[in-house]
Amino acid sequence: MNLDDISQYLEQFDQGKLWIIYIFAILFIALLVDLIQKRILSRVQTRLEKTSTPWDDALVHALRRPVSLLIWIIGLSLALQMMQIAAADVVREVGIMLVITWTLTRLISFMEMNILHQKEIAGKTIDRTTANAVSQLLRISVLITAFLVILQTLGVNISAILAFGGIGGIAVG
C-alpha cells in the first residue's frame, strides 16, 4: 500500500466529513510524538544522572512534563485550525507561553534543590533562606513577565500597566 492507494481510499469519503479523519490523524501523530519524546527524555535522564553537574539533571527533569503538554497544545491547536476555529492561533501562542513559564519555574526550583543538595554532600554550608529567596524572586519575575506577554498576546495594551508599575515603584521607593 503506497500513498496513492491511501489518497484514492480517502477520496471515496464525503469531502465534507474528511476533516474528521485529518483531526484523528493529527491527534494520533501527537500521541506518537509524545510517546517518543518520553522515551528519549527517559534515556537522556538515565545517562545524565551519572554526571556530576546539577544543571543537566535539573533541565531534563524540568522538561519532562511541559514538553508533553507542548506537544498536545500544538496538536490540539492544529485540530482546532482544521475545524476552522478562529481562536486556534491564540490558543497555541498562549499555550506555548504557559509551557515556557512552567518549564522555567520548574527549572529554577530543581536548580535550587540540586545546588543545595550538592553543597550538603560536599560539606559546605549554604544559607537556605538566601537560596530560597533568590529562587522565589526568579520565579516571580518569570511569572510576571509571562503574565505581561500573555496579556499582550490576547490584545491587551500593557503600556498602562507598565506605567502604573513605574509610578508605583517611585511612590514606594
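Trainee: At roughly what angle do the axes of α4 and α5 cross?
Mentor: Two packed helices are described by the angle between their axes and the distance between the axes. In this predicted model, the axes of α4 and α5 cross at roughly 175° and come within 10 Å. Axes are lines fitted to C-alpha atoms, for helices over the stretch in contact, with angles from 0 to 180 degrees between N-to-C directions; helices are DSSP runs (H or I, at least four residues) numbered from the N terminus. So α4 and α5 are roughly antiparallel to each other (that label needs an angle over 145 degrees).

Trainee: Which residues of α4 and α5 make the contact?
Mentor: Among them are Val94, Met97 and Leu98 of α4, plus Leu138, Val142 and Leu143 of α5; contact means heavy atoms within 4.5 Å. By class, this contact has 13 nonpolar, six polar and five charged residues. Ala, Val, Leu, Ile, Met, Phe, Trp, Tyr, Cys and Pro count as nonpolar, Asp, Glu, Lys and Arg as charged, and the others, Gly among them, as polar.

Trainee: What comes just after α4?
Mentor: Gly123, with a positive phi of about 85°.

Conventions: Residues are numbered from 1 along each chain as its sequence is written. This is a predicted model: local features need pLDDT of at least 70, side-chain atom pairs count only at pLDDT 80 or more; totals for chains, interfaces and linings use all residues. Side-chain values use heavy atoms; hydrogens and water are left out. Helices (H or I, at least four residues) and strands (E, at least two) are DSSP runs, numbered from the N terminus. Angles under 35 degrees count as roughly parallel, over 145 as roughly antiparallel, 65 to 115 as roughly perpendicular and the rest as oblique.
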